[in-house]
Amino acid sequence: MMQRRGIFSGHALLGAVALLGAMHAPVAVAAEPAQSAVAVSGSVSVGRSEVQDFVATLPPEQRQRLSENPQALEQWVRGRLADKLLIAEATAQQWSQRPEIARQIEAATWEIVARSYLASVSQVPSDYPSDTELTAAYNRVKGNLTKPASYRISQVFISAPVGDQGGVAAARKTADEAAQKARRPKADFSKLITEYEKGAEAPAAETGWVTLDQLLPEVRPVVAKLKAGEVSEPVQSPAGFHVLKLVESREAQPATFEEAKEGLRARMKQERQGQIARAYLDGLANGAAVKVDGQAMKNVVDAATAASGSKR
């Protein structure tokens with residue numbers, strides 16, 4: 001994997017949810033003791049325990065990627081701190097006590113309670129889908145199941161200080177020089193990595209097989225157009241400049257049953273839970289104890305229509 005070089009997107013490292021948004025747990029703004037804080041701004045901090053809890057929720061392979069790219073974890077910590085600072089500002093202004101905000105909070109609370117309860121009463125049987133059902137589902141949709149194209153990439157990374165125009169210009173010049181050297185006949189890309197990235201271990205400079213959605217957005221279209229052995233022009237990202245070499249690529253191909261079954265199983269469970277939930281709601285809405293006063297509803301509509309007409 002490419003250690004600390006920032007070719008992987010935070011999204012890919014930390015799963016399918018947005019790194020700086022939905023993955024953040026509910027925010028508490030009480031300050032951590034200084035010795036246990038990993039990020040601080042005034043009286044607001046992000047504690048070690050918060051980071052530990054977050055990392056513990058990640059699958060093992062994502063934790064491994066995170067250990068190889070600490071920049072992604074720093075992004076999460078900065079985003080977490082920003083959330084807490086925002087909440088602290090809102091709290092200081094008693095924002096939650098505004099009538100329109102209080103109504104939104106009440107509505108959100110109602111929705112959370114309702115959704116969580118509905119999920120509890122619409123559980124899918126643990127043995128669903130059976131192997132037979134899973135195989136039948138795969139055979140029905142296998143024509144639409146594909147593995148995306150994948151790539152093995154090496155890169156020379158030149159960091160560029162954020163907000164330092166002179167530093168960015170110097171980094172761009174260095175990246176242009178590295179790209180020119182990389183395109184020379186018989187150029188040794190691994191030696192260039194060692195030359196331009198002090199302390200980088202060349203064997204770790206290759207990504208292994210990755211898909212485009214695992215890479216930084218700035219890098220994706222460039223990688224998609226490269227042919228095996230080609231070297232890109234420097235690509236600028238917020239972290240710096242990337243000179244990319246495509247080592248090898250694989251075209252998109254049909255997914256085998258073994259490759260598709262876990263994703264297919266999850267989708268079938270989700271669809272079945274949706275069916276159970278809809279049936280449960282239908283039962284509540286159309287139960288024998290439910291009585292709807294049609295005339296009362298008509299009166300409400302008529303009154304609203306009349307009021308609207310009188311304002312014209």
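Contact here means heavy atoms within 4.5 Å, and helices (H or I, at least four residues) and strands (E, at least two) are DSSP runs, numbered from the N terminus. What you're looking at is a predicted model, where local features need pLDDT of at least 70, side-chain atom pairs count only at pLDDT 80 or more, and totals for chains, interfaces and linings use all residues. Residues are numbered from 1 along each chain as its sequence is written, and side-chain values use heavy atoms, with hydrogens and water left out.

**View 1. Helices α5 and α10 cross.** Tyr117, Leu118 and Ala119 of α5 meet Gln273, Ala277, Tyr280 and Leu281 of α10. Helix α5 covers residues 99-120 and helix α10 covers residues 257-285; they pack at an angle of about 110°, with their axes 9 Å apart. That makes α5 roughly perpendicular to α10 (angles under 35 degrees count as roughly parallel, over 145 as roughly antiparallel, 65 to 115 as roughly perpendicular and the rest as oblique). The axes are lines fitted to C-alpha atoms, for helices over the stretch in contact, and angles run from 0 to 180 degrees between N-to-C directions. Sort the residues of this contact and you get six nonpolar, one polar and no charged. In that sorting, Ala, Val, Leu, Ile, Met, Phe, Trp, Tyr, Cys and Pro count as nonpolar, Asp, Glu, Lys and Arg as charged, and the others, Gly among them, as polar.

View 2. Four strands line up in the order β5-β4-β7-β6, with antiparallel pairing; two strands pair if DSSP finds at least two bridges between them. At the edges sit β5 (210-211) and β6 (235-237), each pairing on one side only. Zoom in on β6 and β7 (residues 240-250): three bridges join them in the antiparallel sense, and Ser237 stands opposite Gly240 in β7. Helix α7 (residues 165-182) lies across β4 (150-159), β6 and β7, running at about 35° to β7. Helix α8 (residues 189-196) packs on the sheet too, touching β4 and β7, and its direction makes about 30° with that of β4.

View 3. Which residues of α2 (residues 48-56) are buried? They are Glu50, Val51 and Phe54 (buried means under 20% relative accessible area, exposed over 50%, partly exposed in between, with a 1.4 Å probe and protein chains only). Look down the axis of α2 and its buried residues fall within an arc of 95°, so they line one face of the helix; the arc is that of the directions from the helix axis to the C-beta atoms. On the face turned away from the buried side you'll find the exposed Gln52, Asp53 and Ala56. The cover over the buried residues includes β1 (37-41), β2 (44-47) and α4 (70-92).

**View 4. Pro234 and its neighbours.** Pro234 lies in the loop between α9 (220-225) and β6. Although Pro234 and Ala175 are 59 residues apart in sequence, they are 5.9 Å apart in space, C-alpha to C-alpha. Leaving out residues up to four places away in sequence, Pro234 touches Ala175, Asp176, Ala179, Phe241, His242 and Val243.

View 5. Most residues other than glycine have a negative phi, and most peptide bonds are trans. Gln94, in the loop between α4 and α5, has a positive phi of about 50° although it is not a glycine. Lys186, in the loop between α7 and α8, has a phi near 65°, and at 84% relative accessibility it counts as exposed. The bond from Tyr128 to Pro129 is cis, with omega near -5°; Pro129 lies in the loop between α5 and α6 (131-141).
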